[in-house]
Amino acid sequence: MTTDEREIRQTLAQALVSLAERDERIVVLDADLMSCHATKCFKERFPERFFNVGIAEQNMIGVAAGMATMGKIPFAYSFAPFATRRCYDQIFISVAYSGLNVKIIGSEPGVAAEANGGTHMPFEDMAIMRAIPKMVCFEPTDAAMMEKALPQIADYPTAVYVRMFRKKAAKIYDESLEFELGKAITLKDDGKDVTLIASGIMVERALQAADILAEQGIGARVVNMHTWKPIDVEAVKESAEKTGAIVTCENHNIYGGLGGAVAEVAARECPVPMETVGINDEFGQVGKNAYLSEVYHITTADIVNAAKKAISRK
Amino acid sequence: MDASQSQSLTVKARQLRDDAIQTIGTFGVGHIGGVLSVMDALTVIFYSKANIDPKNPRKQDRDRVIMSKGHAGPAMYVVLADLGYFPKEWLKTLNKNGTNLPSHCDMQKTPGIDMTAGSLGQGLSVAVGMAMAAKLDKNPATIYCIIGDGEAQEGQIWEASMLAGSRKLDNLVVMLDYNKMQLDGKVSDINDIYPVVDKWKSFGFYVQEIDGHDIEAISDAIDNAKGSGRANMIVLNTVKGKGASFAEAAANCHSMTITEDMWRKETGRYDV
């Protein structure tokens with residue numbers, strides 16, 4: 001699998017500039033992390049529509065909500081823990097409960113926080129955001145997906161949380177990608193034994209796991225569940241019906257995360273054996289992505305093992 | 001403001017206080033103290049200063065009024081009902097099942113409410129965002145935001161104040177309802193916010209301190225604020241429960257039970 005030629009953060013920033021050229025409602029806010037989010041291009045093109053509010057995330061969300069009441073579509077950026085956990089009540093009350101249309105970009109999800117360590121390593125961001133009524137929770141897989149998602153995010157009538165890997169991701173898609181928020185993408189549909197439902201950096205690992213399983217005579221479907229909420233119920237049902245076993249793959253705590261979201265649907269609609277590859281109720285720590293993935297058991301090998309276990313439980 | 005206008009606003013404020021006492025009394029319990037302490041400021045804002053249109057409550061260039069101390073919702077409701085944003089009959093539904101008038105302000109339920117509030121400290125950040133967006137759009141709106149003194153213990157108030165002062169948001173008029181009492185007792189005993197004038201001055205605000213029950217002083221302070229070139233703070237020295245004898249006499253009137261006998265006696269309204 002190849003690495004993307006574009007960083008997701010640069011792709012989003014440039015796409016925001018393009019969108020802002022034709023939609024004057026677009027404004028960008030940051031809490032002193034402009035350099036980390038490559039939003040300088042937006043600031044240079046639209047200096048009056050870029051607001052670095054300083055290191056005050058709670059205030060940033062309130063300011064964004066105030067701008068939304070005036071008709072703006074604000075995109076508010078921070079590292080994922082500070083864009084969600086740090087200002088959760090502000091997102092809950094000033095944005096969601098107030099029915100305001102603010103887009104929240106949280107970067108460096110899960111083990112991607114690497115050297116910033118446990119304080120910056122959100123394994124719970126999607127869980128807490130998913131608990132906010134009507135909040136859309138989206139995790140792009142690569143630059144092409146981020147680019148195609150942006151106009152949909154801007155057009156979506158409610159608040160959206162984007163859990164964004166900042167750098168060059170594994171390239172899964174190219175410019176021909178067409179997709180909808182809330183509609184999962186089936187990447188591999190020929191397996192009959194198990195479906196791997198993955199998101200973010202785990203999509204690449206799920207595809208690799210499917211190849212390894214195929215070599216061992218096990219057929220695995222792979223579904224990219226990029227939108228955790230609203231979750232694609234039909235895609236979960238289809239997975240259960242076609243393969244009779246599901247493994248979820250997430251760079252996030254399995255409590256309240258993608259595993260939880262899929263299990264909620266499966267238990268209600270189509271109970272089948274399920275395994276959840278993800279962080280098992282741990283805090284983060286410093287380390288490289290590859291090292292941390294071993295420590296927290298979210299590697300390709302972990303997915304392979306989980307798939308076999310799920311199949312054995314049929 | 002001439003004497004006759006001042007006199008008519010004083011009469012209006014008394015009527016609105018009676019409406020609030022009756023409204024909360026009809027439900028039986030509520031945040032009467034902080035509702036009555038801001039009534040004179042709301043009267044001046046809504047009846048002599050704000051560019052608003054009850055028939056077009058969402059017009060883009062209107063002035064905004066954010067009741068950040070959201071528990072004073074009923075103070076807003078009696079004003080909005082009186083101005084015709086919704087039927088006065090609605091006041092009888094306060095806090096009842098299915099109402100459009102919840103105890104804390106809700107912009108999705110109540111016509112004329114510009115922002116939801118209830119989790120303290122959040123309204124000021126929203127007001128700052130409105131003021132910044134208004135400047136971006138060259139929208140002439142003035143953004144009024146009323147915060148409580150207990151609310152000023154929230155850190156977000158100071159995050160928002162820092163940004164407002166730093167950006168010289170002269171279209172922002174913040175009012176501090178300085179009634180010196182919070183739910184559990186005296187602000188000065190619990191976590192003192194004094195000296196408020198010095199604090200907001202040091203944050204870059206143009207600060208005025210006035211008697212929050214003096215109609216003319218409130219009017220003058222708002223006029224002064226509009227030419228200040230800075231974010232504005234008007235410290236309203238107020239009395240919690242002002243204008244309801246039972247509330248003023250209570251040891252703490254943040255929230256209290258109000259019987260039918262109490263509200264009828266206080267308002268002299270025996271025929272409604």
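## Two domains in chain A

Domain 1 of chain A and domain 2 of chain A bury about 2100 Å² between them, with 56% of it on carbon and sulfur atoms. Buried area here is the accessible area (1.4 Å probe) that two parts lose on being put together, summed over both. This is a predicted model, in which local features need pLDDT of at least 70, side-chain atom pairs count only at pLDDT 80 or more, and totals for chains, interfaces and linings use all residues. Residues are numbered from 1 along each chain as its sequence is written, chains are lettered from A and ligands numbered from 1 in the order in which they are written, and side-chain values use heavy atoms, leaving out hydrogens and water.

Where do the two domains lie along the chain? Domain 1 of chain A covers 8-164 and domain 2 covers 185-312, with bounds that come from an automatic or database domain assignment. Their centres, taken over C-alpha atoms, are 26 Å apart. The contact (heavy atoms within 4.5 Å) takes 29 residues from domain 1 of chain A and 33 residues from domain 2 of chain A. On the domain 1 side, A:Val111, A:Phe123 and A:Arg130 lose the most area to domain 2, together 36% of what that side buries.

## Where chain A meets chain B

Now for the two chains. Chain A and chain B bury about 2100 Å² between them, and 58% of it is on carbon and sulfur atoms. The contact takes 26 residues from chain A and 26 residues from chain B. On chain A, the trio A:Asn59, A:Met70 and A:Tyr97 supplies 29% of the area buried against chain B, more than any other three residues.

## A helix pair across the chains

Helices (H or I, at least four residues) and strands (E, at least two) are DSSP runs, numbered from the N terminus. Axes are lines fitted to C-alpha atoms, for helices over the stretch in contact, and angles run from 0 to 180 degrees between N-to-C directions.

The residues in this contact include A:Asn59, A:Gly62 and A:Val63 from helix 4 of chain A, and B:Ser125, B:Val126 and B:Val128 from helix 5 of chain B. By class, the contact of these two helices has 8 nonpolar, 6 polar and no charged residues. Ala, Val, Leu, Ile, Met, Phe, Trp, Tyr, Cys and Pro count as nonpolar, Asp, Glu, Lys and Arg as charged, and the others, Gly among them, as polar.

## A helix pair within chain A

Helix 10 of chain A and helix 11 of chain A (residues 258-269) have axes that come within 10 Å and cross at roughly 65°. A:Val233, A:Val236 and A:Lys237 in helix 10 meet A:Val262, A:Val265, A:Ala266 and A:Glu269 in helix 11 of chain A. The residues of this contact divide into 5 nonpolar, no polar and 2 charged.

## Backbone details to look for

Most residues other than glycine have a negative phi, and most peptide bonds are trans. Which peptide bond is cis in chain A? A cis bond joins A:Lys229 and A:Pro230, with omega about -5°. A:Pro230 sits in the loop between strand 10 (227-229) and helix 10 (233-243) of chain A. In chain B, the bond from B:Tyr194 to B:Pro195 is cis, with omega near 0°.

A:Ala38 has a phi near 60°, a positive value in a residue other than glycine. A:Ala38 belongs to the loop between helix 2 (34-37) and helix 3 (40-45) of chain A.
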